[in-house]
Amino acid sequence: EKKLTPFEAIGEDKLNRLVDTFYGLVAQHPDLAPIFPNQFTEIARKQKQFLTQYLGGPPIYTEEHGHPMMRARHLPFPVTPTRSKAWLSCMKQAMDKVQLEGPIREKFFSRLYLTAQHMINTPDGDE
Ligand code: HEM
């Protein structure tokens, strides 16, 4: 039998709810909100595309936007260690809210942890 991708195991509906819940929290986070646009519609759309392919689903981010190069795409924004922690904390809360649980959550979160570390491009205090 064929092993499900994490994308298939989580399901598109839950992934979309995760992303919407996550940006709802980002919008209210004092360390994060200032570097995001006021409208989260477009970033949520891109994040759904990105996470779909990150989790082994169809490459819909790359089809529309080209190679992800996530670190490069974040360079215009000061991503400090504090903001990286805040991002992960919003993601953890969003996972709680949509009840993403079990080993699939643990694996997904540890990958996001590494990606969020990799995105840091500015020391704390320099932003
Ligand atoms: C875009 C912040 C981590 C995925 C952005 C934008 C900001 C941002 C400010 C641009 C919003 C705009 O369009 O104006 C942060 C911060 C992070 C972080 C503070 C803390 C570590 C991550 C991680 C991922 C990610 C870990 C993926 C797992 C994306 C994607 C976009 C984006 C897909 C849209 C890129 C595009 O324009 O195509 N992020 N981000 N970010 N971020 Fe992050």
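## How α2 crosses its neighbours

Helix α2 passes α6 in a right-handed crossing (left-handed would mean the near helix is turned anticlockwise from the far one by less than a right angle, right-handed that it is turned clockwise). Helices here are DSSP runs of H or I with at least four residues, strands are E runs of at least two, and numbering starts at the N terminus. This is a predicted model, where local features need pLDDT of at least 70, side-chain atom pairs count only at pLDDT 80 or more, and totals for chains, interfaces and linings use all residues. Residues are numbered from 1 along each chain as its sequence is written.

α2 covers residues 12-26 and packs on α6 at about 135 degrees, the axes being 8 Å apart. For the geometry, axes are lines fitted to C-alpha atoms, for helices over the stretch in contact, and angles run from 0 to 180 degrees between N-to-C directions. The pair is therefore oblique (under 35 degrees is roughly parallel, over 145 roughly antiparallel, 65 to 115 roughly perpendicular, and the rest oblique). On the α2 side, L18, T21, F22, L25 and V26 meet C90, M91, Q93, A94, M95 and K97 of α6; contact means C-beta atoms, placed from the backbone, within 7 Å. That contact splits into eight nonpolar residues, two polar and one charged (Ala, Val, Leu, Ile, Met, Phe, Trp, Tyr, Cys and Pro are nonpolar, Asp, Glu, Lys and Arg charged, and the others, Gly among them, polar).

α2 also packs against α3 at about 135 degrees, with the axes 10 Å apart, and this crossing is right-handed. L15, N16, V19, D20 and Y23 of α2 touch I43, A44, Q47, K48, L51 and T52 of α3. The tally for this contact is six nonpolar, three polar and two charged.

## Around the ligand

There are 21 residues around the ligand, and F50, F77, S84, W87 and A116 come nearest (near means a C-beta atom, placed from the backbone, within 6 Å). Elements giving two or more residues to this shell are α3 (41-54), α5 (70-74), α6 (81-97) and α7 (103-118). α3 gives the largest share, four residues. By class, the shell holds 13 nonpolar, five polar and three charged residues.

M69, in the loop between α4 (60-65) and α5, isn't a glycine, yet has a positive phi of about 40 degrees. M69 counts as exposed because it has 10 C-beta neighbours inside 10 Å (20 or more is buried, 12 or fewer exposed, in between partly exposed, with C-beta atoms placed from the backbone).

Q99 sits in the loop between α6 and α7. Q99 isn't a glycine either, and its phi is positive at about 55 degrees. With 11 C-beta neighbours inside 10 Å, Q99 counts as exposed.

Terms used. Two residues are in contact if their C-beta atoms, placed from the backbone, lie within 7 Å.
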